[in-house]
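Q: I have a structure open and would like to go through it piece by piece. Can we start with how the chains meet?

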There are 2 protein chains.
Amino acid sequence: MDRHQTYAERSAKQTNAAAIQLLDTIDRKKTNLCVSVDVTNSKDFLAIIDAVGPYVCLVKTHVDILEDFNRTLVEHLVQLSEKHDFLIFEDRKFADIGNTVALQYFSGVHRIASWAHITNAHPVPGPSVVKGLASVGLPMKRGLLLLAEMSTEGALARGEYTDEAVRIARTHRDFVIGFIAQRRMEGVGLRPGETMHPTEDFLVLAPGVGLDVKGDGMGQQYRTPRQVVFESGCDVIIVGRGIYGKPEALDVQAVQAQAERYRKAGWDAYLERVKRE
Amino acid sequence: MDRHQTYAERSAKQTNAAAIQLLDTIDRKKTNLCVSVDVTNSKDFLAIIDAVGPYVCLVKTHVDILEDFNRTLVEHLVQLSEKHDFLIFEDRKFADIGNTVALQYFSGVHRIASWAHITNAHPVPGPSVVKGLASVGLPMKRGLLLLAEMSTEGALARGEYTDEAVRIARTHRDFVIGFIAQRRMEGVGLRPGETMHPTEDFLVLAPGVGLDVKGDGMGQQYRTPRQVVFESGCDVIIVGRGIYGKPEALDVQAVQAQAERYRKAGWDAYLERVKRE
């Protein structure tokens, strides 16, 4: 991908509905910020999302940590996504064989495919994980991100693993819209003599982004919005506690100020990247 | 591990409570069969488990595919595990950073740690996934299996990945009781000059076991109980549809006949392995 292309220019060349929706939302709201909401009760969950909604293109969820998850919560989440114009990304990290992930995606208490525009998967089971998820998600106009690498210490997603992840994505471009990663994947995994398909343009969503912290003591490592968007060419910054702090003492104005601070840092890094000299 | 050691002899040397419980159950019931119950409603789920209960040491669940999961279902599952004397293994395949997996294991609608004796994780995020799960599971006397390799076509869990998985397990032997794999891991991942700790004895649970089928068209490949237990030295055989067929037309007698057929095949393969000439 030409690093000077805008989100809008790239949207025009995408085929997956969720990828187009995400790029258009980023362009329309001028935000490449995704807030990761990792709390265990739905009151805090919805309050944080309602607070940060105006500043984000995407909300990342782990609904399997919510003690009081139910269908009403999903309805509220979907209402907030419409009210504030953002997409929903359930960070489920599917990692089983095709038949099982298809059931996990469609069925169960969570029924992820029914409300999450985007979800993700580890490529470790091989292509069957993508095929299983695509059998459910493609007819519902969903998109999938693959975890090509991870930002934790000692992660095994590196080297040949990352190469294979990108190859699996290339053979399923109708459904795989991009990666959870720290860098562009354009040249990665190409075998000698292979060249990139001219329409290939995977989105890269970067976790582990922080303006004030370096690590969490549990193996997570942090980089700044400018490092991931300008230097590494990533498309979306994912930020969690750095924005909403302690959910039990939610200060909406403080949360919104932090969200705006990250939104601006991410957007400025993007403008710096696409600027043509 | 000396392949002639019995389950009872190995139990005496284990330190993790779940590993001891599992080995003792296998020895007491003379079964190394684990039935994997992959259905989407609790009526079928409980009916299958009640039918196969007498023949198994372990029931493997994917509770996140159950449409009508609730606390009552968990109570019934735990009652069946006591009635029929088996352990419960939630095949969650945790694969996130430490903080997140700790919440996913303890919290949410499923509260897995409260009822599953054993769960599993992909080592792909690095050691933090084990540390996060251990912070919840060890005080509750639970055990963890790592996915050191996978039986699907094109799986990325191989080579250096498998080596690293085993190394992570070795540094967390209080909580990691073994592997989901197709073979013993004794020599795997040892660096030049390193030798195996004399008390190392990881359990190996083998999925993809079938007596009648070769593949499912979604990338799953099958081996016989004798191949995995006698030839490859695995400890537990995991069988799914091969035993219970179509859940909507459950024939309890037929299911029990199949369970007994697999139990006997797995146990005979074990007796053949431990026999001293």
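**Interface and selected residues**

A: The area buried between chain B and chain A is about 3,800 Å², and carbon and sulfur atoms give 59% of that area. Keep in mind that this is a predicted model.

Q: How many residues does the contact take from chain B and from chain A?
A: The contact takes 48 residues from chain B and 48 residues from chain A.

Q: And how many salt bridges across the interface of chain B and chain A?
A: The rule finds four salt bridges there. One of them joins B:D64 to A:R92, with the closest N and O atoms 2.7 Å apart.

Q: OK, new topic. Where does A:R142 lie?
A: A:R142 is in the loop of chain A between α6 (128-137) and β5 (143-147).

Q: Is A:R142 buried or exposed, and how far away is the nearest side chain of opposite charge?
A: A:R142 is buried, yet has no salt bridge. The nearest side chain of opposite charge is that of A:E82, 9.6 Å away.

Q: What lies 2.9 Å from a polar atom of the A:R142 side chain, then?
A: The backbone oxygen of A:A113 lies at that distance. The backbone oxygen of A:S114 lies 3.3 Å from a polar atom of the A:R142 side chain.

Q: Which residues does A:R142 touch, not counting those up to four places away in sequence?
A: Among them are A:N16, A:Y105, A:W115, A:H117 and A:F175, as well as A:A113 and A:S114.

Q: Switching to backbone angles: what is phi of A:D85?
A: Phi of A:D85 is near 65 degrees, a positive value in a residue other than glycine. Most residues other than glycine have a negative phi.

Q: Where is A:D85 found?
A: A:D85 is in the loop between α4 (71-84) and β3 (87-94) of chain A.

Q: What about phi of A:K93?
A: Phi of A:K93 is near 50 degrees, also a positive value in a residue other than glycine. A:K93 lies in strand β3 of chain A.

Q: And why does A:K93 count as buried?
A: Because A:K93 has 7% relative accessibility, and buried means under 20%.

Methods: Residues are numbered from 1 along each chain as its sequence is written. Chains are lettered from A and ligands numbered from 1 in the order in which they are written. This is a predicted model: local features need pLDDT of at least 70, side-chain atom pairs count only at pLDDT 80 or more; totals for chains, interfaces and linings use all residues. Side-chain values use heavy atoms; hydrogens and water are left out. Helices (H or I, at least four residues) and strands (E, at least two) are DSSP runs, numbered from the N terminus. Buried means under 20% relative accessible area, exposed over 50%, partly exposed in between (1.4 Å probe, protein chains only). Lys and Arg count as positive and Asp and Glu as negative; His and the chain ends are not counted. A polar contact is a pair of N or O atoms within 3.5 Å; within protein, one must be able to donate a hydrogen and the other to accept it, and residues adjacent in sequence count only if both atoms are side-chain atoms. Contact means heavy atoms within 4.5 Å. Buried area is the accessible area (1.4 Å probe) that two parts lose on being put together, summed over both.
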